[in-house]
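Dear colleague,

I am passing on a structure for you to look at, and my notes on what was found in it follow. Please keep it open beside this email as you read.

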Amino acid sequence: SWNSKKINTRFKDFWSEYSKLSKDVKRKVIKSFFKNRKIEGICKGKIIPITYDDLNSSISNLLKDLDTYLYSDALTLSKLRLSKKEYYNGVITRSSNHYYICPFCGIEKIESEYSDIRDDFDHYLVRSKYPFASVNRYNLVPMCKKCNQNYKKTKDITDYTQVFFPFD
């Protein structure tokens, strides 16, 4: 159930640690936040994202905790406007290219919004590596089960020589 104390505690812990950092490290955290929100630029190779490993370790750990809470716990709460399934359906139907096939392989069919099941909906940039990316809606992409479960898994897509923005 929704517990505002849980999220407040996480933000207070983060702020307390952030306040102790030097100006340069604070700038790096802020820069990371803004850079890592630009999923399209990262996919097109115009922006090199900042990873958790690039940040101060105490801040990284607090960000990971906050990220886990926001994605795993807060996004499942009934107080949110849309469920994950409703959001998924919105993405596959309102996208400029209306998903009928997997945007990764271009081969497998994507289940429609009328299906009782839905295909995988995963992070393009892996949550374990990129701060601020897990709750970014442009980082959540529908993909067929074969691509997600057999190929992508937890791989960092930026390791590939050419990456595309799945919403193009």
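The protein chain exposes about 10,300 Å², of which carbon and sulfur atoms supply 52%; accessible areas come from the Shrake-Rupley method with a 1.4 Å probe, and for residues only the protein chains shown count as cover. This is a predicted model, in which local features need pLDDT of at least 70 and side-chain atom pairs count only at pLDDT 80 or more, while totals for chains, interfaces and linings use all residues. Residues are numbered from 1 along each chain as its sequence is written, and side-chain values use heavy atoms, with hydrogens and water left out.

The chain has 6 helices and 2 strands, taken as DSSP runs numbered from the N terminus (helices: H or I, at least four residues; strands: E, at least two). Of its 168 residues, 40% are buried, where buried means under 20% relative accessible area, exposed over 50% and partly exposed in between (1.4 Å probe, protein chains only).

The largest nonpolar core has 13 residues, and Ile39, Cys43, Tyr124 and Val163 are among those with the most contacts inside it; such a core is a set of buried Ala, Val, Leu, Ile, Met, Phe, Trp, Tyr and Cys residues joined through side-chain atoms within 4.5 Å. Helix H3 (residues 39-43) gives the largest share of this core, 3 residues. Apart from it lies another core, of 11 residues, including Tyr18, Val29, Leu62 and Leu63.

Lastly, Ile30 is found in helix H2 (residues 23-36) and is partly exposed, with a relative accessible area of 41%.

Best wishes
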